[in-house]
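The sequence and structure come first, and the notes follow.

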Amino acid sequence: MKQDIMIRPMRQEDVQQVALLEKRIFSRPWSAESFEKALTYPEQILLVAEDDSIRGYSILFAAADQADVSNIAVDPDFRGMKIGDALMCEMLDRAKERGVQEVFLEVRKSNVPAIGLYQKYGFEQIGVRKAYYEEPKEDALLMKKSITVDQT
């Protein structure tokens, strides 16, 4: 990873740049308004990876002892630089701090790089959601990770 990439909480002033990145990456992107609304929910953990510009972001919805990865995305021009790793690591650390014990996510079954990242962090496939994605229509793998809570 480039030395000058920093992971930090997403802020209101990041929304337009994040929405543009989202539009580049996904066939059914979130709108800027969706990101703005997500920032208002205390259950959401929204992070960005930035240097001179935003290179990636992640969104985790944490409620009680469970969480769902809503999104993790890296600028296609900056993939392979461990930005996804840094986002995942920080997101899981923050989830653990909130007492989360299980994290769930869906991923396109064809998204081999993402599946590899999730498996690296201990996610295991627990099911398949048929025709979950549209544009193009595709099944999703449902994955889960258990987080051990420190007994101090």
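Ala-64 counts as exposed because its relative accessibility is 70% (buried means under 20% relative accessible area, exposed over 50%, partly exposed in between, with a 1.4 Å probe and protein chains only). The model is predicted, so local features need pLDDT of at least 70 and side-chain atom pairs count only at pLDDT 80 or more, while totals for chains, interfaces and linings use all residues. Residues are numbered from 1 along each chain as its sequence is written, and side-chain values use heavy atoms, with hydrogens and water left out.

**Sheet**

- Seven strands make up an open sheet with mixed pairing, in the order S1-S2-S3-S4-S5-S7-S6 (strands are DSSP runs of E with at least two residues, helices are runs of H or I with at least four, and both are numbered from the N terminus; two strands pair if DSSP finds at least two bridges between them).
- Strand S1 (6-9) and strand S6 (124-133) stand at the edges with a single partner strand each, so one side of each has no neighbour in the sheet.
- On average, and with direction ignored, neighbouring strands of this sheet are turned by 25 degrees against each other (axes are lines fitted to C-alpha atoms, for helices over the stretch in contact, and angles run from 0 to 180 degrees between N-to-C directions).
- S1 pairs with strand S2 (residues 44-50) in the antiparallel sense over four bridges, and Pro-9 has Leu-47 in S2 as its bridge partner.
- S4 and S5 run parallel and are joined by three bridges; Ala-67 has Val-103 in S5 as its bridge partner.
- Helix H1 (residues 15-25) lies across S2, strand S3 (54-63) and strand S4 (66-74), and runs at about 95 degrees to S3.

**Hairpin S3-S4**

- S3 and S4 run antiparallel and are joined by eight bridges, with Ser-58 opposite Ile-72 in S4.
- Two residues lie between the strands of this hairpin.
- Ala-64 is in the loop between S3 and S4, and its phi is near 55 degrees, a positive value in a residue other than glycine.
- Most residues other than glycine have a negative phi, and most peptide bonds are trans.
- Ala-63 belongs to strand S3 and is partly exposed, with a relative accessible area of 35%.
- The C-alpha atoms of Ala-63 and Ala-95 are 9.6 Å apart in space, and the two are 32 residues apart in sequence.

**Hairpin S6-S7**

- S6 and strand S7 (residues 138-146) pair in the antiparallel sense over six bridges, with Arg-129 opposite Ala-140 in S7.
- Four residues lie between the two strands of this hairpin, and Glu-135 in the turn has a positive phi of about 50 degrees.
- Glu-135 is joined to Pro-136 by a cis peptide bond, with omega near -5 degrees; Pro-136 lies in the loop between S6 and S7.
- Ala-131 is found in strand S6 and has a positive phi of about 50 degrees although it is not a glycine.
- With a relative accessible area of 36%, Ala-131 is partly exposed.

**Largest pocket**

- The largest pocket holds about 1100 Å³ of space. On a 1 Å grid over the protein atoms alone, a cavity is a set of points where a 1.4 Å probe fits but cannot get out, and a pocket is an open set with protein on both sides within 12 Å along at least five of seven lines; lining residues have an atom within 4 Å of a point. Grid points are joined across faces, edges and corners, and a volume is the space filled by probe spheres set on the points.
- The pocket is lined by 34 residues, of which Phe-26, Asn-71, Ile-72, Asn-111 and Tyr-118 are the closest to its centre.
- At least two lining residues come from each of H1, S4, helix H3 (83-97), strand S5 (102-108), helix H4 (112-120) and S6.
- S4 gives the largest share of the lining, six residues.
- The lining divides into 18 nonpolar, seven polar and nine charged residues (Ala, Val, Leu, Ile, Met, Phe, Trp, Tyr, Cys and Pro count as nonpolar, Asp, Glu, Lys and Arg as charged, and the others, Gly among them, as polar).

**Phe-26**

- Phe-26 lies in the loop between H1 and helix H2 (32-39) and counts as partly exposed at 30% relative accessibility.
- Leaving aside residues up to four places away in sequence, Phe-26 touches Tyr-57, Asn-71, Ile-72 and Ala-73 (contact means heavy atoms within 4.5 Å).
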